[in-house]
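Hi everyone, thanks for coming. Today I would like to walk you through some side-chain contacts, so please have a look at the picture.

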Amino acid sequence: RSGIGITEDSFVEALMQMHCDTRELVSRICEYKSIFALFHSIVEWAYYLSVLAVTVAVFWPEVLVKVWWTLSSILVAVSFIFGSLVKDVCESLTLILFIRPFDVGDRVTIADKRLLVVELNMLTTTFLNGCNELVWLRNSQIFSERSGVCNLSRSVHTECGVEVELCAEESTFANLRKLEKFVRQYCEALPETWVPGANNGAATTGSGNHGCVCGVADSAIPGAGMVRWKFKAVHQANLHGPHQVRVDTSRLLSAVLAQCVSMCLRLHRQASPAIAPDYNA
């Protein structure tokens, strides 16, 4: 209406901003629902104790003074006796209230081990490892972990890698550029699975199961040297559901091997079967 300083555009903008703020609040509550449930009873007890303290302060102030001096002496004695426990409680509260690196159901990496968060408590967190074994870790221990916590469930994408072992004489610049181009075109043809335009370069890698490794037994030449090459690709999903990531990475490996065969490249023989990272945890 005329005379009112609210236009249609400003009203729509304010409404959309309120909608975005509401969605952000709901997502935050859902993300940290286990933490909120854990401290619901603590907040409730704190509320009742505060009401009791206010009531005593209003009607019986002299009683409150005596109780306060008694409790302060007890708290000082307890702090000397249970100093380490108090330190653990403070670090635990800092971890689960302020840092909040995970919630129940998240897949995380702690100390180079993939774990699934099962239960979140005041002082400890229960995890499930790749062998379906329950693991209990103190929250203060996680707080002091130098390598930190890698939350796979909150990550946006997954960097994958397929590794092939080529004979040294086949590891030429031209062949590697052709394989890199093939991987890039393969990912661009499947934008719903792979992130287009991501780093699809090749690099040498050392030993270890950093990706899918494969070799053809009847194509090796005795005494010939080999070079392990890793071709990178970025998957659209994260490792919260690792099965589909592993399936798509295996398909990429199959396509790379087929391209190597079409280019008449000789793959080095492997003594062990094809392997891939352990994404079961």
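Let me begin with a question: which residue forms a salt bridge with Glu 180? The partner is Arg 177, and the closest N and O atoms are 2.6 Å apart. By salt bridge I mean a side-chain nitrogen of Lys or Arg within 4 Å of a carboxyl oxygen of Asp or Glu.

Before going on, a word on where this comes from: the model is predicted, so local features need pLDDT of at least 70 and side-chain atom pairs count only at pLDDT 80 or more, while totals for chains, interfaces and linings use all residues. Residues are numbered from 1 along each chain as its sequence is written, and side-chain values use heavy atoms, with hydrogens and water left out.

Back to our pair. Glu 180 and Arg 177 both sit in helix 6, 3 residues apart, about one turn of the helix. Helices here are DSSP runs of H or I with at least four residues, strands are runs of E with at least two, and both are numbered from the N terminus. Glu 180 is buried at 12% relative accessibility, whereas Arg 177 is partly exposed at 32%. Buried means under 20% relative accessible area, exposed over 50%, and partly exposed in between, using a 1.4 Å probe and protein chains only.

Helix 6, residues 173-189, also holds Phe 182 and Tyr 186, 4 residues apart. Both are buried.

Now, how many salt bridges does the structure hold? There are 7. Among them is the one between Glu 91 and Lys 87, at 2.7 Å from N to O. These two are 4 residues apart in helix 4, about one helical turn. Glu 91 is buried at 13%, and Lys 87 is partly exposed at 47%.

Helix 4 has a link to a strand as well. Arg 138 forms a salt bridge with Asp 88, with 3.9 Å between the closest N and O atoms. Arg 138 lies in strand 4 (residues 134-138) and Asp 88 in helix 4, so this pair ties together parts that are 50 residues apart in sequence. Both ends are partly exposed: Arg 138 at 42% and Asp 88 at 23%.

There is a network too: salt bridges link Glu 163, Glu 165 and Arg 228.

Finally, the cysteines. Counting a disulfide as a pair of cysteine sulfur atoms within 2.5 Å, we get 0. Cys 131 is exposed, at 58% relative accessibility, and Cys 264 is exposed at 63%.
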